Amino acid sequence: MDSNEIIGLIAAFLAALAFGSYGVPMKGEAATRVNVDPLVFQTYKASVVLLTSSLLIVVNNLMANFESTENKDPSVKTFNPWSIYDFTPWAFVSASMWVPGGTAGVYAIRRAGLAISVGLWSCVIVILSFVWGVLVFHEKQRSGVRGAMKALAVLCSGLCGIAYFSSFEAESKNERQQWDKVTKHAEKENIEVRESTPLMELADAEKENSMSLDFETYPHCGVPPHSHQTVHIDPPAFLCPDGKPKKHTIHIPEYNIGICMAVLNGVSDRDDHMGNKGSTNIIVALSKGYNTLPSFHLREMWRSGLLSGLLYSVGNLMGIVSIQRLGNFMGYSLNQSSIIVSGLWGIFYYKEISGVLHMLGFLLSACVVFVGILLLSREHVV
């Protein structure tokens with residue numbers, strides 16, 4: 001084993017460790033205590049990634065300049081200087097997908113759990129990458145379609161196992177004893193009780209904060225009951241009477257929709273002639289809208305956001321090094337072992353899965369997914 005392979009294996013190990021751990025702060029004590037908004041946490045992570053990437057560009061250019069002055073053979077280069085001409089507009093397309101995807105990832109970890117979330121999106125990434133390579137870029141497979149389908153079958157079977165075993169949520173004995181006491185007391189007092197989950201709590205909260213308004217009950221409507229549209233709106237807090245945002249479900253007749261569109265057209269046409277008054281109104285509206293944005297909780301969240309962003313940046317850097325040293329097959333495949341790391345975090349740190357058999361089943365399913373990724377990577381022909 002030469003030095004390139006040793007460096008590649010170390011880089012792959014660090015990449016898997018970082019990629020499997022950067023989601024841990026998203027479900028940490030600080031994020032849970034302030035109930036951080038997923039978009040806010042994604043902003044922290046993206047800011048740190050931007051900062052570390054900029055620093056890496058500066059370091060790379062300094063090393064390239066030093067190498068060009070010290071190296072006598074100009075044909076041998078380890079570092080290539082980066083300039084603005086190397087920038088591609090495709091970066092904006094990538095970022096427009098990465099930011100919503102990262103935000104959804106934060107929400108998934110906080111609601112569904114770290115183990116199942118990372119395991120699920122790792123499989124989806126691999127499958128979509130394979131589909132893009134075959135259908136769009138017309139990449140060839142070593143064993144043809146049949147070999148690729150076998151690898152996908154192994155991958156999907158492991159994914160089903162991850163979803164199945166992660167559905168058994170951990171529950172302490174004290175919590176179960178308390179629940180049994182509550183149900184026994186409720187039976188004596190003839191009180192209806194039910195267990196709750198985070199998704200059920202969200203649904204109940206939406207029902208409590210919802211308000212239905214049917215414009216057909218208003219006088220002079222003159223529209224048959226069936227010719228109406230249902231509109232769901234989420235107005236900002238400053239537009240609500242009590243200052244609290246509520247979801248409004250409005251049943252509007254189609255005739256009234258047409259009237260509203262006509263009024264909106266007139267208002268927009270009128271705004272063209274409002275001059276400074278219109279600009280002032282826009283500034284006021286923007287300032288009120290800014291006040292309704294979720295809090296960044298800077299004092300509580302800067303450590304968690306910084307740690308998550310640094311781990312993600314380390315994973316990216318080490319992943320690139322491992323692929324360069326080991327090749328796409330070994331390097332990329334070993335990076336995906338992060339699903340095992342995240343599974344260990346979810347099982348032993350956050351206690352997301354209960355029962356020894358369920359834990360072993362989850363880890364075995366994660367290993368099956370890893371084998372499927374290895375088989376699918378092996379099908380790639382350079």
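1. Tyr 44 counts as buried, because its relative accessibility is 11% and buried means under 20% relative accessible area, with exposed over 50% and partly exposed in between (1.4 Å probe, protein chains only). This is a predicted model, in which local features need pLDDT of at least 70, side-chain atom pairs count only at pLDDT 80 or more, and totals for chains, interfaces and linings use all residues. Residues are numbered from 1 along each chain as its sequence is written, and side-chain values use heavy atoms, with hydrogens and water left out.

2. A search of the whole structure gives nine aromatic pairs, where rings of Phe, Tyr and Trp (its six-membered ring) pair if their centres lie within 6.5 Å, planes under 30 degrees apart being stacked, over 60 edge-to-face and the rest tilted. Among them, Tyr 44 and Phe 296 have ring centres 5.9 Å apart and planes at 70°, so the pair is edge-to-face. This pair links distant parts of the chain, 252 residues apart, with Tyr 44 in helix 3 (residues 38–70) and Phe 296 in the loop between helix 10 (276–291) and helix 11 (298–335); helices here are DSSP runs (H or I, at least four residues), numbered from the N terminus. Phe 296 is partly exposed, at 43% relative accessible area.

3. The rings of Tyr 349 and Tyr 350 are also edge-to-face, because their centres are 4.8 Å apart and their planes at 75°. Tyr 350 is buried at 18%, and the charged end of Lys 27 sits over its ring, 5.3 Å from the centre (NZ of Lys or CZ of Arg within 6 Å of the ring centre and within 35 degrees of the ring normal).

4. Phe 19, Tyr 22, Trp 98 and Tyr 312 form one aromatic cluster, and the charged end of Lys 45 sits over the ring of Tyr 312, 5.0 Å from its centre.

5. Leaving aside neighbours within four places in sequence, Phe 362 is in contact (heavy atoms within 4.5 Å) with residues including Ala 115, Ile 162, Phe 165 and Ile 347.

6. The search finds zero disulfides, a disulfide being a pair of cysteine sulfur atoms within 2.5 Å. The sulfur of Cys 123 is 7.8 Å from the closest cysteine sulfur, in Cys 156, which is too far for a bond. Cys 123 is buried at 0% relative accessibility, whereas Cys 156 is partly exposed at 33%.

Methods:
Helix = DSSP H or I, 4+ residues; strand = E, 2+ residues; numbered from the N terminus.
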